[in-house]
Amino acid sequence: MAEKKNNQGFEQQMARIEEIVRALEKGDRPLEEALSLFEEGTSLIKSCGTLLNEAEQRVVKLQKGEDGEPVELPFDTIE
């Protein structure tokens, strides 16, 4: 199955994942529909992971290191 580009925002994708989980937990979907929902869910999870990784890369602060060169520090170490 070809992977399609997801243009939804993170929050919309998470909401759709929650819908899919609820539908699959009921257990009343035909096998083909359940597999299709599962595939959609895994694709959305991958997309959300990518968005989170990109956000993490943007949440970095450059500071001057001991040698005068910029040093990247994780956001959680910023005072």
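**Where two helices meet**

Mentor: Happy to! In this predicted model, Phe10, Gln13, Met14, Arg16, Ile17, Ile20, Ala23 and Leu24 of H1 meet Ala34, Leu37, Phe38, Glu40, Gly41, Leu44, Ile45, Ser47, Cys48, Leu51 and Leu52 of H2; contact means heavy atoms within 4.5 Å. By class, this contact of H1 with H2 has 14 nonpolar, three polar and two charged residues. Here Ala, Val, Leu, Ile, Met, Phe, Trp, Tyr, Cys and Pro count as nonpolar, Asp, Glu, Lys and Arg as charged, and the others, Gly among them, as polar.

Trainee: What should I know about the numbering and the model before going on?

Mentor: Residues are numbered from 1 along each chain as its sequence is written, and side-chain values use heavy atoms, with hydrogens and water left out. Because this is a predicted model, local features need pLDDT of at least 70 and side-chain atom pairs count only at pLDDT 80 or more, while totals for chains, interfaces and linings use all residues.

Trainee: How many helices and strands does the chain have?

Mentor: The chain has two helices and two strands, in the order α-α-β-β from the N terminus. Helices (H or I, at least four residues) and strands (E, at least two) are DSSP runs, numbered from the N terminus.

Trainee: How are two packed helices described?

Mentor: Two packed helices are described by the angle between their axes and the distance between the axes. In this chain, helix H1 (residues 10-26) and helix H2 (residues 31-58) pack at about 150°, with axes 9 Å apart. That makes H1 roughly antiparallel to H2. Angles under 35 degrees count as roughly parallel, over 145 as roughly antiparallel, 65 to 115 as roughly perpendicular and the rest as oblique. Axes are lines fitted to C-alpha atoms, for helices over the stretch in contact, and angles run from 0 to 180 degrees between N-to-C directions.

Trainee: Is Leu37 buried or exposed?

Mentor: Buried means under 20% relative accessible area, exposed over 50%, and partly exposed in between (1.4 Å probe, protein chains only). Leu37, in helix H2, has a relative accessible area of 9%, so Leu37 is buried. Leaving aside neighbours within four places in sequence, Leu37 is in contact with Arg16, Ile20, Ala23, Leu24 and Arg29. The C-alpha atoms of Leu37 and Leu24 are 7.7 Å apart, and these two residues are 13 apart along the chain.

Trainee: What does Arg16 touch?

Mentor: Not counting residues up to four places away in sequence, Arg16 touches Leu37, Glu40 and Leu44. Arg16 sits in helix H1 and has a relative accessible area of 24%, so Arg16 is partly exposed. Arg16 and Leu44 are 28 residues apart in sequence and 8.2 Å apart in space, C-alpha to C-alpha.

Trainee: And which residues does Cys48 touch?

Mentor: Cys48 touches Phe10, Gln13, Met14 and Ile17, again not counting residues up to four places away in sequence. Cys48 belongs to helix H2 and is buried, with a relative accessible area of 4%.

Trainee: What share of the whole chain is buried?

Mentor: Buried residues make up 14% of the 79 residues in the chain.
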